Amino acid sequence: MKGIIFTVFSDFVASSYGADQLDYLLDTCDLPSGGAYTSVGNYPFAELQTLFDGLCQAQNIELSEALRLYGHHLAGAFVTQYTVFFQEVHDTFALLRNIDNHIHVEVRKLNPTAKLPRFAYEQSEPDKLTLIYSSPRKLGDMVVGLIEAASGYYKEVIQIERKSQMDASSESEYFFLTRLSDG
């Protein structure tokens, strides 16, 4: 998993729960890397799971909520670091439709070995979009946070309904999105 996910996680913990909480996690979690992350490094997904487990235990929060909040924070980092992807489209649905056919294409140019999640979509009406997320990492709650933050960026209200098919035999989750208002 790319290091940017870990560096943004560190920033998320420090800004949301304090630098002491981040230090505690890095000191007490069994991390093969020792918790020294760079944005361009590659680290095992299990390390991120360990960090989230430690955070949830220390803060007494559910993993689903921690992932959703992290998704918000990650979207903010993406807006800052990859502004062009947000500025070249004018609404949440357009951004989501661009993930696999544009954004991930650019990511692969920089890192051809990246193991990215897949995003497909179906859209039959202008204000309805079905986003299909596929990944063995099963971070659907983080995707909810990313969608919520993106809709906030575009000043839209998006209703999110989920149909999870993520079990041992499937890696897909469906997000049924309805735009209730736009900015």
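Author: Welcome! Two strands pair if DSSP finds at least two bridges between them, and strands themselves are DSSP runs (E, at least two residues; helices are H or I, at least four), numbered from the N terminus. This is a predicted model in which local features need pLDDT of at least 70 and side-chain atom pairs pLDDT 80 or more, while totals for chains, interfaces and linings use all residues. Residues are numbered from 1 along each chain as its sequence is written, and side-chain values use heavy atoms, without hydrogens and water.

Reader: What makes strand 1 and strand 2 a pair?

Author: They share six bridges, in the antiparallel sense. The definition asks for at least two, so strand 1 and strand 2 pair. As one example, phenylalanine 119 has tyrosine 133 in strand 2 as its bridge partner.

Reader: Which strands are called edge strands?

Author: The open sheet has four strands in the order 1-2-4-3, with antiparallel pairing. Strand 1 (118-125) and strand 3 each pair on one side only, which makes them the edges. On average, neighbouring strands are turned by 20° against each other, direction ignored; axes are lines fitted to C-alpha atoms, for helices over the stretch in contact, and angles run from 0 to 180 degrees between N-to-C directions.

Reader: What lies across this sheet?

Author: Helix 6 (residues 92-110) lies across strands 1, 2, 3 and 4, at about 140° to strand 1.

Reader: Why is serine 134 called buried?

Author: Its relative accessibility is 16%. Buried means under 20%, exposed over 50% and partly exposed in between (1.4 Å probe, protein chains only), so serine 134 counts as buried. This residue of strand 2 (residues 128-134) touches Pro117, Arg118, Glu171 and Ser172, leaving aside neighbours within four places in sequence; contact means heavy atoms within 4.5 Å.

Reader: How do you know that serine 134 makes a polar contact with serine 172?

Author: Their side chains are 3.0 Å apart in that contact. The limit is 3.5 Å between N or O atoms, where within protein one must be able to donate a hydrogen and the other to accept it, and residues adjacent in sequence count only if both atoms are side-chain atoms.
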